Amino acid sequence: MLDDFLIRAALAALGVAFATAPLGCFVVWRRMAYFSDATAHVSLLGVAIALALNAPIFPSVLLVALVMGVVVVRLSGRGLATDTSLGVLAHSGLALGLVAVAFIPNIRISLDSFLFGDVLAVSRGDLAVIWLGAAAVVALVIWRWSAWLLVTLSPELAQSQNVKPRLEELILTLALALTVAVAIEVVGALLIGALLIIPAAAARPWSGSPERMAMIAVIFGVASTLGGLQVAFWLDTPAGPTMVVVAGAIFALSTLGAGLRYGWS
Amino acid sequence: MPELVRVERLKMAYGDDVVLSGVDMSIEAGEIVTIVGPNGSGKSTLLKAMVGTELPRGGEVVRKQGLRIGYVPQRMAVDALLPLAVSRFLSLARVRKADAIGALEKVGAERLLNRQLSDLSGGQLQRVLLARALASEPELLLLDEPTQGLDQPGSAALYRLIEQLRDDLGCGIVMVSHELHVVMSASDRVICLNGHVCCQGHPDVVASAPEYRALFGTGTQGALALYRHEHTHSHEGHDHDHHHHDHA
C-alpha cells in the first residue's frame, strides 16, 4: 500500500496536521505567530547545511530551528525580541539559506521543494521520520499541556506553583523546532506558519475550553491537509500552497458560520 | 513567628537599568506588610523577586523550605483567542472543585464559575485571581495592587477580607499599593520603596517620617489618610464602622 506515492503523501499530510494543529493553539494563545514564522524561515539555512554536507535534512533543520528558537527566547527574556528583531532574524536567515544553497555545486534538488514543500516526493523513510516527529510533538503537547497554559496566562502564577516558565518555554521551542522539521518537506518553510495558525484560529469560535479548541483544530488541520492534497490532485496545483488555500477557506467558512450563529461582534 | 521570606541586599535590574538595590526585608507568618512607592519604584519587581520569576542581580531571596505562595498579579492579559472558563482556570491551580467554589464564595465571585476568563471585567478577574490564590491555602499571600479596578466600597471590602484571611489562615501577606493616601491601618508594617527602602515601620510612624514626606509630600500635601478599621466586634448583620479620615 505504501508503494503508492499518493497514499504516502496523504499519510505525511496527516502526520503534519497532527503536529501543527494542537501546537498551533499555543502559538495563537501566546502570540508567537511571528516567532514561529521566523523559526520556520530560518530553517532553510538548515536545509542548505544538510545539502552542503550531504547529510540528512531532518536533524539539520531541527538543530537550526532549535538554535534560532533558543536565541529568540533568550533575547525575549531580556526584552529585546521585538517584531523588528524577529523580522531581522527571519529574513536574514531565509536569505542566508538561499545564498548558501547557491554555493553548493551540482545541486540535485530544487529549492522550491523546501520553500513550498514537495509532499508527493515523500519516501517511506521520510514518512517514518514525519510520524515519529509528529508523535513526539503530540506527546510533548499532552505532557506539558497544563504547565504551558499556566505559563501562557502568567509566568508569575506558574512560578508560584513551581512550574518553571523558562524551562517550559524551552520545551515549547523544542516542540516548535520539531514541528518545523516535520513539516518542511510537506508544506515548505514559507507556509509552515499557516498550518500552525489557521486551523487554531478557525477552531476558536466553536470552543469553550482549550482542550476542545485543540481537538477542533486537529479536525480542521486534517481537513486542510488531506483536502488540499485532493484539490491539488484534481486541479494539478502545487500541494503545499493548496493545503494552505483550503485552510484559509475553512477559516473563512468557520468565521462566517460563527457570525451567522452567534451574531457579529 | 516563623520567617517566610527574607530578602538580603537585593539588587534587581533589567539590562543596565537598576530597579532595586540594597533592599533588606523579611516577612513573618501572620503579618500584613504594605509596600508603597511611586510608579517605577520597583514594587512589582520586588514581588516578582519573592515569587522567583525575576532573578536577583545581587543579594539573595531566601524562602522557607516548601513555601506555598499565593500570588495575585497586577493584571493578567487573557487573549480573547484562549477559551478558558473560570472553573478550568481554578483547576489549573491543582485545587479540588469544592475548594475552588469555596474560595470563590469567600471573595463573592461564586456566580463567575462558568464564565469565560476573557469576558470578565477587571474587578471580576481580580476576584477570581484572589480566589485562586486562596484556594491553594497559601502561607504567603502576595498581592500586586489588589484594589486596582475596584470602587471605594469594593476596596474597603477587600481590605476587610485580607485582614480576615490573615486571622483565618495565619498567612503572611504582602500587598503592593500605589494608593499613597490610603494606607490600610491594618498593616503591621508599611515599607516605603523608591529603588531602595526609604523608610519602614508602623503606618503611623511611616506617615510622619521625613523620608515619606519627601517622597510623597508634594502630591498629597504631606498628608496621609489612614484607612482606619475600628474593631468593634459587631456580630452578623452589623457591618464594621469605617471612617475615612482625609486630612488633605
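In this predicted model, helix α1 (residues 5-29) of chain A and helix α9 (residues 192-203) of chain A have axes that come within 7 Å and cross at roughly 70°. Helices (H or I, at least four residues) and strands (E, at least two) are DSSP runs numbered from the N terminus, while the axes are lines fitted to C-alpha atoms, for helices over the stretch in contact, with angles running from 0 to 180 degrees between N-to-C directions. Two packed helices are described in general by the angle between their axes and the distance between the axes. The two helices α1(A) and α9(A) are therefore roughly perpendicular to each other, on a scale in which angles under 35 degrees count as roughly parallel, over 145 as roughly antiparallel, 65 to 115 as roughly perpendicular and the rest as oblique. On the side of α1(A), the residues that meet α9(A) are A:Val16, A:Thr20, A:Ala21, A:Leu23, A:Gly24, A:Cys25, A:Val27 and A:Val28, and their counterparts in α9(A) are A:Leu195, A:Leu196, A:Ile197 and A:Ala200, where contact means heavy atoms within 4.5 Å. Sorted by class, this contact of α1(A) with α9(A) has ten nonpolar, two polar and no charged residues; Ala, Val, Leu, Ile, Met, Phe, Trp, Tyr, Cys and Pro count as nonpolar, Asp, Glu, Lys and Arg as charged, and the others, Gly among them, as polar.

Residues are numbered from 1 along each chain as its sequence is written, and chains are lettered from A and ligands numbered from 1 in the order in which they are written. Local features need pLDDT of at least 70 and side-chain atom pairs count only at pLDDT 80 or more, whereas totals for chains, interfaces and linings use all residues, and side-chain values use heavy atoms, with hydrogens and water left out.

Charged side chains were examined next. Side chains of opposite charge can pair when their charged atoms come close. With a salt bridge taken as a side-chain nitrogen of Lys or Arg within 4 Å of a carboxyl oxygen of Asp or Glu, the count comes to twelve salt bridges over all chains. One of them is formed by the side chains of B:Asp79 and A:Arg31, at 2.6 Å from N to O. Since B:Asp79 lies in the loop between β5 (69-72) and α2 (86-92) of chain B and A:Arg31 in the loop between α1 and α2 (33-53) of chain A, the pair joins two chains. B:Asp79 is buried, with a relative accessible area of 11%, whereas A:Arg31 is exposed, with a value of 67%; buried means under 20% relative accessible area, exposed over 50%, and partly exposed in between (1.4 Å probe, protein chains only).

Within chain A, the side chains of A:Arg144 and A:Glu168 also meet in a salt bridge (2.6 Å, N to O). This pair links distant parts of the chain, with A:Arg144 in helix α6 (residues 124-153) and A:Glu168 in helix α8 (residues 165-183), 24 residues apart. A:Arg144 counts as buried at 16% relative accessibility, and A:Glu168 counts as buried at 3%.

In chain B, a salt bridge is formed between B:Glu31 and B:Arg189, the closest N and O atoms being 3.0 Å apart. B:Glu31 lies in the loop between β2 (17-28) and β3 (32-36) and B:Arg189 in strand β9 (residues 189-193), so the pair ties together parts of chain B that are 158 residues apart in sequence. B:Glu31 is buried, with a relative accessible area of 13%, and B:Arg189 is buried at 17%. Elsewhere, B:Glu3, B:Arg6 and B:Glu8 are joined into one network by salt bridges that share partners.

The structure holds zero disulfides over all chains, a disulfide being a pair of cysteine sulfur atoms within 2.5 Å. For B:Cys192, which is in no disulfide, the nearest cysteine sulfur is that of B:Cys199, 4.2 Å away. B:Cys192 counts as buried at 0% relative accessibility, and B:Cys171 is buried with a relative accessible area of 1%.

B:Leu134 is found in helix α4 (residues 122-135) of chain B and is buried, with a relative accessible area of 6%. Apart from its neighbours within four places in sequence, B:Leu134 is in contact with B:Ala103, B:Lys106, B:Val107, B:Leu141 and B:Leu165.
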